[in-house]
Amino acid sequence: MTDPTEIKFMQIMHQTAYLKPEDRLLVAVSGGSDSMALLNLLLHLPDSMRPKLFVATVDFALRSISSQEVAAVRQFCQQRQIPFWTTRWQHATSVTSMEAQARQFRYNFFQQIMQKNQLTKLATAHQADDQAETILMKLIRSGSFWTVQGIVPCQTWKVGQLVRPLLNFTKKELQDYLHRQHLSYAVDESNFQDITWRNRLRHYVLPQLQRENPRLHEHLQQFSQQQISVQNLLQQYFQTLIAPRLTRVLQGWQLDLQDLLTGEPVQLSLLVQYLVHDLIQVELTGRQLAAVQQLFPKANGLLKLTGDWQLQKSYRYLFLLRSATSTSPSTEQYLLQIDQQVLANDGQKFTIKQSIQKSPKTFYYDHWPRRIVLRHRQPGDQVRLLNGQHQKLKARLINLKIPQWQRDQLWLILFDQEIVWIPQVYRYQTPSKKFLFEVKWERNN
Ligand SMILES: Nc1ncnc2c1ncn2[C@@H]1O[C@H](COP(=O)(O)OP(=O)(O)OP(=O)(O)O)[C@@H](O)[C@H]1O
């Protein structure tokens, strides 16, 4: 083996160890320069490194020459005794998402072949030009550290692993290699048109940048590797940091922000992006990202996210909740009898008992109640203080820093229209020691 591209490929395969001789590898070959070069480079690996190779090609039937291209790949494989599969894709149901539909079709086909033939890995021929285009496109679209991610060289994928061994090679390098090997390849004319943003970037922006620095592709690939590595580290760090601070609440999660990181908004927004992605698989838009940063210096604030989710900052806590949680409180109402358990519509259970012994769960009341009601709060609700005066319930909830959404979820127990008990918030206050009651309360989570 003397070709410099083959030597470079072998060295990278050796260093990265993405592929092993015991692997059964499906190579996705379109017939273009990148995938033909990949197939040939794999074939020229020494026996001790070369996985068992299989090839699949999707005939997209969009160009008149596509079946000739497939025939050329088939012949290449037959001559070298490589098992080969192909299938034909006829129609896209809508023009706008044609590329996405084609990709979906392609990967489904690969998955089926891998399952049927016990293949462990899939290789595609994404190379350094694809990488540079991808990073720049994402950077232009978004300013998020988590979403500006380059193409990953190796990842777990449906039925095994997906590897991209050519990210360190430019298209030009691969085409020069094929010429030296006297191998032909198909040329996709649509790549020369300027309809797509990717093509315009490829034809005008990247060549200009490359003139400024010919090592641009190398640098972008290096940047991508470091970025992925830092993301992994940060993910691990955030996971351990968040674990003791994250609590499941009724319809979402609560995060304790007290002394978290340095309290700096950019750090916190990095963590929130991670959290939102990890918990509900939602990516924040650029505008939402800016709003998250503005949320942190404030004591309270609310930010609507994609779907029916929202972020709520409430003093030292951050809530990630379904928006439905904060709709107006339910007017549900239950009549209670002493010693009889009531099951509320959110699964919480309440029983009122007469008690003999005073405890943190008991309260005194002046007379035997005639009517006992369980309901949510209503405007104007007041609670009695020990001196006989009343305080607005809302003021008490604000003092206790109970967030808005939680206030509307609270259950109140009333004896003859007087609030006597609210879980973790209030117990009736009176100097009278006439009747002692206890509320047994069970939460569903
Ligand atoms: N029709 C196809 N059949 C099989 N694999 C494909 C097909 N189209 C693309 N691929 C695989 O997906 C990778 C990325 O696809 P993309 O469309 O970005 O590349 P491409 O420009 O078609 O690459 P190539 O130069 O190999 O034709 C290809 O390198 C190849 O491994």
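The points that follow take up the model, its domains, its cores, an annotated site and some local backbone features.

1. Basis of the note. The model is a predicted one: local features require pLDDT of at least 70 and side-chain atom pairs count only at pLDDT 80 or more, while totals for chains, interfaces and linings use all residues. Residue numbers run from 1 along each chain as its sequence is written.

2. Domains. The assignment gives domain 1 (4-214), domain 2 (250-326) and domain 3 (333-442); such bounds come from an automatic or database domain assignment. Taken over C-alpha atoms, the centres of domain 1 and domain 3 are separated by 66 Å.

3. Nonpolar cores. A nonpolar core is here a set of buried Ala, Val, Leu, Ile, Met, Phe, Trp, Tyr and Cys residues joined through C-beta atoms within 7 Å. A residue is buried if 20 or more other C-beta atoms lie within 10 Å of its own, exposed if 12 or fewer, and partly exposed in between, with C-beta atoms placed from the backbone. The largest core has 38 residues, and L26, V27, A28, L38 and V55 have the most contacts inside it. Helix α2 (residues 33-43) gives the most to this core, namely six residues. Another core, of 22 residues, lies apart from it and includes I372, L393, F415 and V420. Helices (H or I, at least four residues) and strands (E, at least two) are DSSP runs numbered from the N terminus.

4. Two residues are in contact if their C-beta atoms, placed from the backbone, lie within 7 Å. Neighbours within four places in sequence left aside, A28 is in contact with S35, A56, F110, L122, A123 and T124.

5. Annotated site. UniProt, in an unreviewed entry, places a "binding site" at S30, G31, G32, S33, D34 and S35; its positions are given in the numbering used here, feature names are shortened, and annotations may be inferred rather than shown by experiment. G31 is placed in the loop between β1 (24-28) and α2, and counts as buried because it has 24 C-beta neighbours inside 10 Å. Residues up to four places away in sequence not counted, G31 touches M36, T57, E69, V70, A72, V73, Y185 and A186. S35 is found in helix α2 and is likewise buried, with 25 C-beta neighbours inside 10 Å. On the same exclusion, S35 touches A28, V29, S30 and A125.

6. Positive phi values. Q118, a residue other than glycine, has phi near 50°. Q118 is found in the loop between α4 (98-117) and β4 (121-123) and counts as exposed, with 9 C-beta neighbours inside 10 Å. H182, not a glycine either, has a positive phi of about 55°. H182 is found in the loop between α6 (171-180) and α7 and is exposed, with 6 other C-beta atoms within 10 Å.

7. The unreviewed UniProt entry applies "domain: Lysidine-tRNA(Ile) synthetase C-terminal" to residues 372-439. The end C-alpha atoms of that span lie 12 Å apart, and the span is 16% helix and 38% strand.
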